[in-house]
Every structure is written in C-alpha cells, then in structure tokens.
Amino acid sequence: MPVRRASALAATLSAAMVTAPTPSAANPVDQIRPDAPALSPYGAFTVGVQTRAMTIADSIDVLAIDGSDVPRYDRPLTLEIWYPAQSGTEPGGQYTAKLRDGVTDVTLTGRAVRDAPPASGDAFPLILISHGYPGNRFLMTHLGENLASKGYVTVAMDHTDSTYSDQGAFGSTLLNRPLDQAAVLNYMADLSGPIGDIVDADRAAVIGYSMGGYGALIFGGAGVTQASTEYSWGTPNGLLARHLAMSEDHEALMDPRLKAVLAIGPWGNNAGFWDVDGLAGLRVPTLLMAGGADDVSVYDAMRGIFDGAVGTQRHLLTFDHANHNAAAPIPAPTESYEPAEGLDFLPFDHYADAVWDTVRMNNIAQHFATAFFDLHLKGQTDKARYLDLVPNSGDGVVALDDAGQPAEDHTYWEGFAPRTAAGLRFETKSEGE
C-alpha cells in the first residue's frame, strides 16, 4: 500500500516546479550504483523472462458476494517468470507496464531477454514475488531479474482485484493474498517444459511487499486474529477465518516447501491482524525490511512482528527516515512525474521516497536478499556473515590494515564500504527470543 498522501493542490504545485527526466532514460530497473554493497551486482547468468497465465479453480469471488451467497469462479493470475538463461544470450529487453493510474502504459528496460532458452543441467530454487495493494507484477522487477541472474527462478504475480487496473474491494486482497502465493507455488512445481525442468519448488521462498508481505507472513504460519475476521471493511461473511491462527484451514495452507520469507513493509499488524499467538505461529526464517518513518504499515507495528515471531529466527532491516516505499518499488518511471487523471496525488509518490534514493534502496535490498536466500535456499553458510552485523551501522568500526583488509577490530558491516551503511539498522533474533 504505497504512500498516497499528496493532495491535488500539492500534486499541481509539484508538477509545476519539477521537471521530469527525459524519456530517453527508458526507465531502467537494473541500475547498480558504484557504492552498492557487495552482493548487489547481477550474477553470472543471463536472465530470461516469460509471461504466463494461470487460474485458481473454484475460488471464492469476493467481489460478487451479495448477502449470504458465496459465488465461486476460476480466479485468473498473470505471471512474469524470470530464470537463468543459456550462456551466450545477449542480455537486455523491455517490459510494457501500467503506471499507478491503471491506464498509462510505460516502458521499462532491464537485462532479461524475452523467451530466452533456459539454462540446462541444474534445478534452481524458486522465489515468489507478491506486490502491494494496488500494484502489479513489475513493481519489484529489480529483485526478479537480479535474483534470477544469481541462480533462482523468480515469479511475480498480478493479484486479481489488487492491480492498478482492476483494484477492487479490500476484502478480496485480505482473503486471496496467501492463497494466490500458495497456488503459484503449486503451479510452478507442476510446470512442464524447459522452464519447469529447471524449477526446484522444494526450495521455495516468498518476497512480499505491503499486502504481499501480509500474505507471505500468513503463508509462513502467522494466522490472523478472530477480531480481524469480523471487520466491517474486511472480507465479508467471516470468510477470513480461513486464515485464523491455529485453525485447521490455516494449518492446511502451510507448505514444507516454503523455506524463507522476505516481507518488505508488511501491512497488517497496525490493524490488529495478528496477536501474540498468531505471530508465534510464523515458522520459517524471516527477513523484514521497513522504513523507520513508515506511516502506512506503521514502523512500530512492524517492529511488533519482529519481536513477536518467537517461533523462528528473524531479522529486521530498517531504513532510517524512509516511509512505506522503502526498498521494494522500482525507480519512479519518468511518466510518473506528471499528474494523472483520476489520481489526487502524483503517481511519483507511489514509487519514490522523500529521503532515500530508490536505486540505493533497491541495491541494499538485492544485497540482503541474496545473502538471506543463498543461506536458506542454497545452504551457503558462508553468506551468514552478511547477516551477523552490529545492529546500528553507525556503531561499526572501520579498521583496515595497510593492504586495505579488515583488521581484528574491524566491525563495519560486511559487504559495505566505509560510510555506505549510514542510515541503516540490522537486528536479529533467534527462535525463542
């Protein structure tokens, strides 16, 4: 649920004072800054990309509920699948995506090659990518491409009733977000053909932003409260009880193939969707990323998730002074600098942060996501050192020898050059803490 607080007047004034970048910039999603941390850069694989459509049979049609009637339908989802491609493929390609207004087409450029032949010989762990409300499957393309280049199959989904173009009643998102994630995991596990041959769905994870993070936490074991199933503005007819903590239905959603969760700005704890028992049910290693000034998911509420998820090891990466758009969204497309009909805020506000540079945050997210998933999906224990950090980066000591190598008393964050971790905090709690 990206920040949307600018008034129509502010949007008009901003448009008058701000000049958008030239369209020749082509909205790149694959930028790596020179000061990016060590694990941010793209990996050794060229990246391929395909678009596919799937349906979830016999789903509840929340938007069509009228009274006690609960109609059902085959719920459609559109997927963007990134994967390691055969060597020798020349990188580079484009995406056509909808802007936040749900109408304007924008062109994004990246490194993935449309329909490139998949790499052969290996099966790669699977990472699902789940956007906010509203959003679309391109909102975290930087993570989809970047992780695929490092030996993962990554899949972003358009959540029906929750995209820029079809945004519907919030109750549908509340019910369907974790169900969509579970269904896409099953779809990818059953996928045949060249891409299916390289998917190892037994090593799976979810990246979720905002409402995607809400869904990922439920999918990972954090069942919701009874009170949240009864909200008048929520899912009608008490149907959210399907995700009630310690219920049979919620337990049936759990999947042993899910090995890790990365939740960026997860919404829900700020609105009473979890309590002590629900959060304790989270059972997979979890990395939380949050803006320290987030007033949408509310930073203190996200800290409550970190504190309360005592059933697993978890980390909290904080971007001091950032709001809800921390780390997840792609850089604001050039078209977003202009007002859009039907919005009382600049589309730019949906993507950007007032304090942090988006590319900088994207690079930091790529770094930590790589370390976290390499550890938990690939068993690369050497990556744990990137997650064993002095909690406040400002307390880290830079101590290098004459050769520029870390001395014994060097405690600055692993993978970060001196000065470049400023404004960040990284905290860890073990299971039982």
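These legends accompany close-up views of a predicted model.

**View 1**
Helix H2 spans residues 141-148 and is mostly covered. Eight of its eight residues are buried. They are Thr141, His142, Leu143, Gly144, Glu145, Asn146, Leu147 and Ala148.

**View 2. Packing of H2 against H10.**
Helix H10 covers residues 358-378. On the H2 side, the contact uses His142, Leu143, Asn146 and Leu147. H10 contributes Asn362, Ala365, Gln366, Ala369, Thr370 and Phe373. By class, this contact holds five nonpolar and five polar residues, with no charged ones.

**View 3. Packing of H3 against H5.**
Two numbers describe a packed helix pair: the angle between the axes and the distance between them. For H3 (residues 170-190) and H5 (residues 211-219), the angle is about 60 degrees and the distance is 9 Å. That makes H3 oblique to H5. The crossing of H3 and H5 is right-handed. From H3, the contact residues are Phe170, Thr173, Leu174, Arg177, Pro178, Gln181, Ala182 and Leu185. They meet Met211, Gly212, Tyr214, Gly215, Ala216, Ile218 and Phe219 of H5. The class count for this contact is ten nonpolar, four polar and one charged.

**View 4. The nonpolar cores.**
The largest nonpolar core has 67 residues. Which of them touch the most other members? They are Leu126, Val153, Val155, Val184, Met188, Phe273 and Trp274. H3 supplies the largest share of this core, nine residues. A second, separate core has 60 residues, including Val106, Leu139, Tyr164 and Ala332.

**View 5. Contacts of Leu126.**
Neighbours within four places in sequence are left aside here. Leu126 then contacts Val153, Val155, Leu185, Met188 and Val199, among others. Its partners also include the run Asp200 and Ala201, then Arg203, Ala204 and Ala205. Leu377 is one of the contacts too.

**View 6. Tyr73 in strand S2.**
Tyr73 sits in strand S2, residues 72-84. Thr286 is 213 residues from Tyr73 in sequence; in space, the two lie 33 Å apart, C-alpha to C-alpha.

**View 7. A cis peptide bond at Pro134.**
Most peptide bonds are trans. The bond from Tyr133 to Pro134 is cis, with omega near -10 degrees. Pro134 belongs to the loop between strand S6 (124-130) and H2.

**View 8. Positive phi at Ser210.**
Most residues other than glycine have a negative phi. Ser210 has a positive phi, near 60 degrees. Ser210 lies in the loop between strand S8 (199-209) and H5. Is Ser210 buried or exposed? Ser210 is buried, because its relative accessible area is 0%.

**View 9. Positive phi at Arg419.**
Arg419 is not a glycine, yet its phi is positive at about 80 degrees. The loop between H10 and strand S12 (424-429) holds Arg419. Its relative accessibility is 76%, so Arg419 counts as exposed.

Key:
Residues numbered from 1 in each chain as written. Predicted model: local features only at pLDDT ≥ 70, side-chain atom pairs only at ≥ 80, totals over all residues. Heavy atoms only, no water. Buried < 20%, exposed > 50% of the residue type's maximum accessible area, 1.4 Å probe, protein only. Helix = DSSP H or I, 4+ residues; strand = E, 2+ residues; numbered from the N terminus. Axes fitted to C-alpha atoms, helices over the stretch in contact; angles between N-to-C directions. Parallel < 35°, antiparallel > 145°, perpendicular 65-115°, else oblique. Left-handed = near helix turned anticlockwise from the far one by under 90°. Contact = heavy atoms within 4.5 Å. Nonpolar A, V, L, I, M, F, W, Y, C, P; charged D, E, K, R; others polar. Core = buried A, V, L, I, M, F, W, Y, C linked by side-chain atoms within 4.5 Å.
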